[in-house]
Each structure stands twice: as C-alpha cells, then as structure tokens.
Amino acid sequence: MAPSLLAARIPKIHLHCHLEGTLRGATFVEFADKHGVALRYRPSPALRMAEERPSPALQMTEVYSFDGLGEFLYLFAAVSRSLREPQDYARLAREFVEDALRENVIYGELFVSPSVWTFFNPELNVREVMEAIVGELRAAQPDATFRLLTDLTRNFGVESAMAGANAAAAMTDLDVIGIGLGGDEARFPAALYAEAFAFARAAGLHCVAHAGESGSPQSVRDAVEQLGAQRIGHGIAALLDPGVVDLLARKRVPLEICPTSNRLTGAQLPEHPQPYADLDRLGCIVTIDADDPAIFETTIGAEYALVEHSMGSAALERFVRNAIEASFASPGEKAALAAQVDRALAELRAESRS
C-alpha cells in the first residue's frame, strides 16, 4: 500500500482524546464572543492583562497558538471557560461527531473534565451538560460508539478527586465508564488519589491516568502500582527508566501515545524522537491518538499517517488492533471492531491488486 493510504482508510479508535480539546477554533472564538470571555487565560490577577478579547485576526491564525505544556494548559483552560451552557457542550459534541465520522472513527472513549467546567462556572449543572453531550454522541450510532471517562484534576486536590469519582459512579447511565487523572504530576503525585481510584474500582469503573507526560518515570510507576491504572496516557518518561518500561511490558499496561501533542508540549524526549517506535520495540502495548486535536491542529488521521510514514503499514495496523484490545469495549464489541478493520484491509488489498 502507498504511504498514508492505510492511515486514510483504516477504521480509527480514540482512546486518548479530550472532548473539550476538539472544539473548532472558529467555534471557540464564537463562544468566547458570545459569553464575553478572553481567548487566553491567566490564573493570576497580575497576569490577566495578557488576556485577549476575541478578534477576527485570531480566528484562523493564532487562536490556538502556544509554546510548551504550561501555555497549552492555560489555553485548554480558556477553551473550557468559553463553554458556559449545556447547548455549548451539545454543539461541541455534535461538531466532534461530524469530524470523527469524517475521519472514519468507529469507537472512542473520550475524556471530559467536569471539575474544570465547574471551576469556571460553579452554577453549571453537570448532569444536564452530560445529557447534552451524550445525546449528540449517541447520534453517531451505528457508525460509531463513544463512551466517556471523567478526568479528575490533580491540581484541585484530594476532596475534589473523591467528589469527581462519586459523580462518575452516579453517571454510568450517561455512558460514563471510568475515570482518568490529569494535571501537574510533579506537585500532585499519584499517591494522593489512591482512595479516589479505589472507590472508582469498587464502583465498577475503569481507571486510567495521565503519567510520564511532564513527570518522571516514577510518576508512571506510581500510576500503575498505586492507582491501578489500566492504561497510561502518554507515559513518555518511562523511557528514562528501563525498570518502568519493563513494568509496563510485563503487566501489559497499554500506552496512549499522541505524537504531535508530545512534540508540541515538550513531553517528547530529545533522545527518543519517535517514542511510540521505541516503546513498541521494547515490548510495550502502544496505541496512537490525537489528544486535543483542534488545539494541536491535527487529526487522528494525521497522527496515523505520521506513524505509517515513519514505521510502515504493519506497525500502524498493529497499533490500531492494540487500541481495540486496550479499549473497555465488551468482547463482542471488540470482535465487531476487529472485523471492521479486517474488511477495510481486505478492500485495500483488493484495490492494490487490481
């Protein structure tokens, strides 16, 4: 197959995609204008003069510009602040579905961050928002199925995390299947959230965690050993410690690698310009995703194409099949997803022979 042909046509799986980070730039500007909020966020009053009001010049060229992980997180906060009403979230989800189906995404487990929503909008009814989101996501069926992971935010502390785990357990009827953990790994280590994760597991929720994006290899180890994370978001720093890589490989803990995100935020290590290739070579289960595709100005198809170009079609196929197996879909659903991949590959091979 020609380079990138498989990436364009193969059915795709989202395992590490933040729904808020899929907000189209033009929609972000529109929402910011509607609600009278800035396109940039700074947490300190002394820095808020740097906030920018919506302007036409930013719509297509600079609205999602940033430099490094810290600025990205502030930009993600600004995007989250622009979402003020359930109908905003409904449109976010509707446009996500449109973009995902165009990319031939057939299954996804999407992160949402209610703790961030209510930080900026304390009066927001989270359940109403989730209902608005799920209504749009369910409309993608039967072409695609999407479920939700509610991300707990390390920076908001232990009590917030426990409240978030309780809220997730109360929203399984709204396609919530688990919790995640994001935020500052260095200042808020995994051990602080062990109780929240234990509660979530006891409630039947799946548990995943961002680790090794800005933190150390120890952060990855702690996510596995102290939180019982079933998948690791990013995990790039594991490459600095062979023992942690061995742990991931032995325990078969899948890694959600997001190449463009990792490069732009600085998570990618200079000595490992293709961490997905190195981790795969070392026996880890690698999956590929786009993280916050609109903010990073990428798509899941573009990430697949990048991997196919650098490693070949066989590696990309392996990573897609890894994603199916690493998902929290039922065995029957996994078999159906694998069959869709099989059919797409058979069609491509038939075309290449003709």
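Strand β3 (residues 145-153) is mostly covered, with eight of its nine residues buried, where buried means under 20% relative accessible area, exposed over 50% and partly exposed in between, for a 1.4 Å probe and protein chains only. The model is a predicted one, in which local features need pLDDT of at least 70 and side-chain atom pairs count only at pLDDT 80 or more, while totals for chains, interfaces and linings use all residues. Residues are numbered from 1 along each chain as its sequence is written, and side-chain values use heavy atoms, with hydrogens and water left out.

**The strands**

Two strands are said to pair if DSSP finds at least two bridges between them. On one side of the pairing, strand β2 (residues 105-112) is joined to β3 by six bridges, and the two run parallel; within this pair, glycine 108 has phenylalanine 146 of β3 as its bridge partner. Strand β3 also pairs with β4 in the parallel sense, over six bridges, and here the bridge partner of leucine 149 is glycine 178 in β4.

Strand β2 in turn pairs with β1 in the parallel sense over five bridges, with histidine 18 bridged to phenylalanine 111 in β2. Because seven of the seven residues of strand β1 (residues 12-18) are buried, this strand is largely enclosed by the rest of the structure. Strand β4 (residues 176-182) is joined to β5 by two bridges, and these strands run parallel; isoleucine 179 stands opposite cysteine 207 in β5. Strand β5 (residues 206-211) is itself mostly covered, five of its six residues being buried.

**Helix packing**

Axes are lines fitted to C-alpha atoms, for helices over the stretch in contact, and angles run from 0 to 180 degrees between N-to-C directions.

| Helix pair | Angle | Axis separation |
|---|---|---|
| α4 (residues 86-102) and α6 (residues 126-138) | about 25 degrees | 8 Å |
| α7 (residues 158-169) and α8 (residues 194-202) | about 10 degrees | 8 Å |
| α9 (residues 217-225) and α10 (residues 242-251) | about 30 degrees | 9 Å |

Angles under 35 degrees count as roughly parallel, over 145 as roughly antiparallel, 65 to 115 as roughly perpendicular and the rest as oblique. With an angle of about 25 degrees between α4 and α6, α4 is therefore roughly parallel to α6. The crossing of α4 and α6 is right-handed; a crossing is left-handed if the near helix is turned anticlockwise from the far one by less than a right angle, and right-handed if clockwise. Contact means heavy atoms within 4.5 Å, and in this pair Pro86, Tyr89, Ala90, Ala93, Arg94, Phe96 and Val97 of α4 meet Glu128, Val129, Ala132, Ile133, Glu136 and Leu137 of α6. By class, the contact of α4 with α6 has ten nonpolar, no polar and three charged residues, where Ala, Val, Leu, Ile, Met, Phe, Trp, Tyr, Cys and Pro count as nonpolar, Asp, Glu, Lys and Arg as charged, and the others, Gly among them, as polar.

For α7 and α8, the angle of about 10 degrees makes α7 roughly parallel to α8. Ala161, Met162, Ala165, Asn166 and Ala169 of α7 meet Glu195, Ala196 and Phe199 of α8, a contact that divides into six nonpolar, one polar and one charged residue.

Helices α9 and α10 are likewise described as roughly parallel to each other, and their crossing is left-handed. On the α9 side the contact is made by Pro217, Val220, Arg221, Val224 and Glu225, and on the α10 side by Gly243, Val244, Leu247, Leu248 and Lys251; by class there are six nonpolar, one polar and three charged residues.

**Backbone features in the loops**

Most residues other than glycine have a negative phi, and most peptide bonds are trans. Glutamine 141 and proline 142 are joined by a cis peptide bond with omega of about 10 degrees, and proline 142 is found in the loop between α6 and β3. Aspartate 175, although not a glycine, has a positive phi of about 65 degrees and is placed in the loop between α7 and β4. Arginine 252, in the loop between α10 and β7 (255-257), has a positive phi near 55 degrees, and at 47% relative accessibility arginine 252 counts as partly exposed.

**Asparagine 322**

Asparagine 322 lies in helix α14 (residues 313-326) and, at 18% relative accessibility, counts as buried. Leaving aside neighbours within four places in sequence, asparagine 322 is in contact with Ile285, Val286 and Thr287.

Definitions and conventions:
Helix = DSSP H or I, 4+ residues; strand = E, 2+ residues; numbered from the N terminus.
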